[in-house]
Each structure stands twice: as C-alpha cells, then as structure tokens.
Amino acid sequence: MADPLAATTLLDSGAERDRLRAAETKTLGAVQRELAYPPVVSTARGLSHFGEHAAGWLAFGLLGAALDRRQRRGWLYATAGVAAAHGASIGVKRVVRRPRPDDPSVQVLAGTPSRLSFPSSHASSTTAAALLFGGLLGGRVAGRSWSGRLLGLLVPPMLLSRLVLGVHFPTDVLAGSALGLAASSATKRVTDRAARRAARRGRAAGR
C-alpha cells in the first residue's frame, strides 16, 4: 500500500516546482518586455553563437597558448578547465532534464542544440573563461585583477542574453555561473599542483 505521507510530499514538491516555474516564467517575460529590442536581440544572438558548445572560448584559449609561449601550459590548462565546465553543465542537464521555457508569454528568439535547460552551459563556460583566462593576463586595471574585471565585463551580458532570447530561466543561468566558478577553482588547484611539481623537478635537476 502506498504511503499517503510520501504521496502528499511528492504532490507538495510538484506544486512547489510549478510555483517556481511560474514565477521564473513571469520574470523571463518581464525581461523580454524591457530588453528584447532588435539591437539587443542581435547582440544576444551573437553571444549565443560565440558561446555555443564553448567554441569561442576554446578558440580564445588555444590562441592564447599559441601567442603566449611563456604561459603556454597555463593557457592549455585554462582551456581544458573551460571545456570541463561546459562538459559538466551538459552532464548535469542530462541528469536534471529540466525543459526549456515553453509559455505563450515567452518568445524563443534563438535555436538551441537540446531541449534541456538547467544549467546554462553558456553561463558555465563564460564564467570559467573569465576567471581562468583573466588569471593569465598580467597587471591590474582600475585596481582590479583581470579575472575580476573580465568576470564583470563578460558574465552579466552572457547571462542576460540567455534570458533575452527566452532559452533559459533565471535559475539556469545562476546555476550555470556557479558551476563555472567551481570548475575554475578546481582547474586552478590542478594547475597550481602541476606548477609546484615542475618547480620541484627543476630544483632537483639543478642540484
């Protein structure tokens, strides 16, 4: 016999999901009413194409590795970190299987490679790219590191673009960005360990 308490909990959780989806759909519609003008939509589509499958960021990282020989290994590690952020977001998507926005109040203004919404892969790869690539750029601008500056310059427009295009809910882009942050932190730890090992080998070889 089914447990009535378990059934009630399941219904409650389903109702909560419905309320959250309704609230996010309302927010999405409001964002589009305020911002979805032709120039903004065109820019958002450009960002979408650049970030699709993290291709633009991966190309940027490989270009950095080709041009910056002194930090080539760092650029390659950073590029791998961006790829890992993107791959992790795809994995979470397939587990969560949250459908993309589908409501008459929301215009879908761009194509997507799948119907899965949570988290935003564009947000994941862009956040990881801003932090990892920014860390390889020397100096500070206006008192901020390049990582912090790129985080502010690149991430909000990419996150907002996904809402303007109607292809993600707000929590999708926030979760995607958090995943990109986690991936960049893990990549930095791996890079730091590799640098320490290389330094130890260099000291041992010099003895």
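Reader: Where is the place of Pro-119?

Author: Pro-119 sits in the loop between H4 and H5. Keep in mind that this is a predicted model. A cis peptide bond joins Pro-119 to Phe-118, with omega at about 0 degrees.

Reader: How far apart in space are Val-95 and Phe-118?

Author: Count along the sequence, then compare with the distance in space. Val-95 and Phe-118 are 23 residues apart in sequence, and their C-alpha atoms are 9.4 Å apart. Val-95 belongs to helix H4.

Reader: Is Val-95 buried or exposed?

Author: The relative accessible area decides, and over 50% is called exposed. Val-95 has 68%, so it is exposed.

Reader: How much of the chain is buried?

Author: Buried residues are those under 20% relative accessible area. They make up 37% of the 207 residues. The accessible surface of the chain comes to about 11800 Å², and 63% of that surface belongs to carbon and sulfur atoms.

Reader: What share of the contacts joins residues at least 24 apart?

Author: Take the contacts between residues at least 6 apart in sequence; of these, 77% join residues at least 24 apart.

Reader: Which residues does His-86 touch, leaving aside its neighbours within four places in sequence?

Author: His-86 is in contact with His-53, Ala-54, Ser-121 and Ser-125. His-86 itself is in helix H4, residues 72–96. Its relative accessibility is 14%, so His-86 counts as buried.

Reader: What is the phi of His-53, and what is the phi of Ala-54?

Author: Phi of His-53 is near 55 degrees, a positive value in a residue other than glycine. Ala-54 is also not a glycine, and its phi is near 60 degrees, again positive. His-53 is in the loop between H2 and helix H3 (55–67), and Ala-54 is found in the loop between H2 and H3 as well. Ala-54 is buried, because its relative accessible area is 0%.

Reader: How many salt bridges does the structure hold?

Author: It holds 3 salt bridges. Arg-19 and Glu-16 form one of them, with their closest N and O atoms 2.7 Å apart. These two residues are 3 apart in helix H1, so about one helical turn separates them. Glu-16 is partly exposed, because its relative accessibility is 44%.

Reader: Which side chain meets Glu-24 in a salt bridge?

Author: Glu-24 pairs with Arg-98, at 2.7 Å from N to O. This pair links distant parts of the chain: Glu-24 is in helix H1, while Arg-98 is in the loop between H4 and helix H5 (121–134), 74 residues apart. Glu-24 has 4% relative accessibility, so it counts as buried. Arg-98, at 15%, counts as buried too.

Reader: At what distance do the side chains of Arg-98 and Asp-172 meet?

Author: They meet in a salt bridge of 2.8 Å, N to O. Arg-98 is in the loop between H4 and H5 and Asp-172 in helix H7, so the pair ties together parts that are 74 residues apart in sequence. Both Arg-98 and Asp-172 are buried. Through shared partners, salt bridges join Glu-24, Arg-98 and Asp-172 into one network.

Reader: Which residues form the positive surface patch?

Author: The members here are Arg-73, Arg-189, Arg-193, Arg-196, Arg-197, Arg-200 and Arg-201. Helix H7, residues 170–205, gives the most, with 6 residues. Arg-193 is in helix H7. Arg-193 has 39% relative accessibility, so it counts as partly exposed.

Reader: Which residues make the nonpolar surface patch?

Author: Leu-35, Tyr-37, Val-40 and Leu-160 make it, and the patch is about 320 Å². One of these, Tyr-37, lies in the loop between helix H1 (4–35) and helix H2 (38–51).

Conventions: Residues are numbered from 1 along each chain as its sequence is written. This is a predicted model: local features need pLDDT of at least 70, side-chain atom pairs count only at pLDDT 80 or more; totals for chains, interfaces and linings use all residues. Side-chain values use heavy atoms; hydrogens and water are left out. Patches are made of residues with over 30% relative accessible area and no salt bridge: like charges are joined within 9 Å, nonpolar side chains (Val, Leu, Ile, Met, Phe, Trp, Tyr) within 5 Å. Accessible areas come from the Shrake-Rupley method with a 1.4 Å probe; for residues, only the protein chains shown count as cover. A salt bridge is a side-chain nitrogen of Lys or Arg within 4 Å of a carboxyl oxygen of Asp or Glu. Lys and Arg count as positive and Asp and Glu as negative; His and the chain ends are not counted. The place of a charge is taken as NZ of Lys, CZ of Arg, CG of Asp or CD of Glu. Helices (H or I, at least four residues) and strands (E, at least two) are DSSP runs, numbered from the N terminus. Buried means under 20% relative accessible area, exposed over 50%, partly exposed in between (1.4 Å probe, protein chains only). Contact means heavy atoms within 4.5 Å.
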